[in-house]
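Hi,

Here is the structure I promised to send over.

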Amino acid sequence: MKKLFLVLAAAAMTFSTAIAQEAATATAEQPATEVVEAVEAPAEAVLDAETEIAGDSIHYVLMQKFLEGGWGWMLPILVVLVLGMAIAIERILFLSLSTINTKKFIAQVEAALNEGGVEAAKEVCRNTKGPIASIYYQGLDRYHLGLDAVEKAVVSYGSVQTGQLESGLGWLSLFISLSPSLGFMGTVVGLVQSFDSIQAAGDISPALVAGGMKVALLTTLLGLIAAMVLQVFYNYVIVKIDGMVNEMEDASITLTDMLTAYNKK
């Protein structure tokens with residue numbers, strides 16, 4: 001339920017940002033009402049050219065190119081991008097909320113274990129978030145079964161926690177592959193439309209093939225952009241997970257050594 005909420009929140013933030021950008025674009029498109037008259041004609045021409053360039057903002061140009069590419073092919077790529085961004089943001093939020101100060105946590109568990117025993121150490125784990133705390137709790141909960149049972153529990157639950165950290169990455173990888181594929185499909189369709197226009201007219205002219213070629217190039221461009229953006233987020237999440245898994249392994253070894261020393265008392 002928490003994961004679903006994070007995904008919906010990330011998607012809502014993405015859509016609200018897009019709506020805000022469109023509103024800002026609509027405001028920026030209002031032309032200037034007054035222009036200061038210049039004395040020389042060349043200076044006046046330069047000012048008019050600068051005013052025209054300023055009127056076409058980057059958001060307006062992107063929206064125009066999106067519409068020129070055609071809703072039928074540009075919209076699926078945009079949907080894939082939004083869904084991929086939602087999953088990436090959800091993973092980043094989940095990993096950020098699961099990150100703790102590992103050294104401080106281990107010191108607290110060790111102090112509680114020496115002062116209050118296993119139950120006190122388990123209480124510290126219950127009050128701490130993150131996969132390392134969950135692994136520690138599972139290991140401490142099986143201390144009465146022996147150190148071998150503790151090691152097996154730590155290894156098994158470590159695999160479970162790793163799977164939870166990597167949840168959703170399969171979908172993100174799918175969207176990375178799907179974005180350029182949809183773009184290339186739009187390219188093929190655009191080329192087919194161009195050849196159909198040539199066949200219907202019985203002649204080759206730039207005006208006949210321009211529309212189909214524009215669709216082909218714009219869909220490919222958007223597909224590649226979406227794939228590159230999602231790939232950056234995917235690599236960031238993978239690096240974050242690898243770092244957390246290394247911390248989990250080091251902390252597991254520390255827990256085993258800690259319980260071995262406690263068992264000798």
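Helices (H or I, at least four residues) and strands (E, at least two) are DSSP runs here, numbered from the N terminus. On that basis the protein chain reads α-α-α-α-α-α-α-α-α-α along the sequence, with ten helices and zero strands.

Before the details: this is a predicted model, where local features need pLDDT of at least 70 and side-chain atom pairs count only at pLDDT 80 or more, while totals for chains, interfaces and linings use all residues. Residues are numbered from 1 along each chain as its sequence is written, and side-chain values use heavy atoms, with hydrogens and water left out.

For the chain overall, 34% of the 265 residues are buried (under 20% relative accessible area, 1.4 Å probe, protein chains only). Taking contacts (heavy atoms within 4.5 Å) between residues at least 6 apart in sequence, 77% join residues at least 24 apart.

Now the helix pairs. Two packed helices are described by the angle between their axes and the distance between the axes. Axes are lines fitted to C-alpha atoms, for helices over the stretch in contact, and angles run from 0 to 180 degrees between N-to-C directions.

Helix 5 (residues 102-116) and helix 6 (residues 118-126) have axes that come within 6 Å and cross at roughly 150°, so the two are roughly antiparallel (over 145 degrees). On the helix 5 side, the contact uses Phe 105, Gln 108, Val 109, Ala 112, Leu 113 and Gly 116; helix 6 brings Val 118, Ala 120, Ala 121, Val 124 and Cys 125. That makes nine nonpolar, two polar and no charged residues (Ala, Val, Leu, Ile, Met, Phe, Trp, Tyr, Cys and Pro count as nonpolar, Asp, Glu, Lys and Arg as charged, and the others, Gly among them, as polar).

Helix 6 also packs with helix 7 (residues 131-141): their axes come within 9 Å and cross at roughly 155°, so this pair is roughly antiparallel too. Here Val 118, Ala 121, Lys 122, Cys 125 and Arg 126 of helix 6 meet Ala 133, Tyr 136, Tyr 137, Leu 140 and Asp 141 of helix 7. By class, there are seven nonpolar, no polar and three charged residues in this contact.

Ile 241 is buried, at 1% relative accessible area. Leaving out residues up to four places away in sequence, Ile 241 touches Leu 95, Leu 165, Glu 166 and Leu 169. Ile 241 and Arg 91 are 150 residues apart in sequence, with 9.7 Å between their C-alpha atoms.

Cheers

Note on methods
Parallel < 35°, antiparallel > 145°, perpendicular 65-115°, else oblique. Buried < 20%, exposed > 50% of the residue type's maximum accessible area, 1.4 Å probe, protein only.
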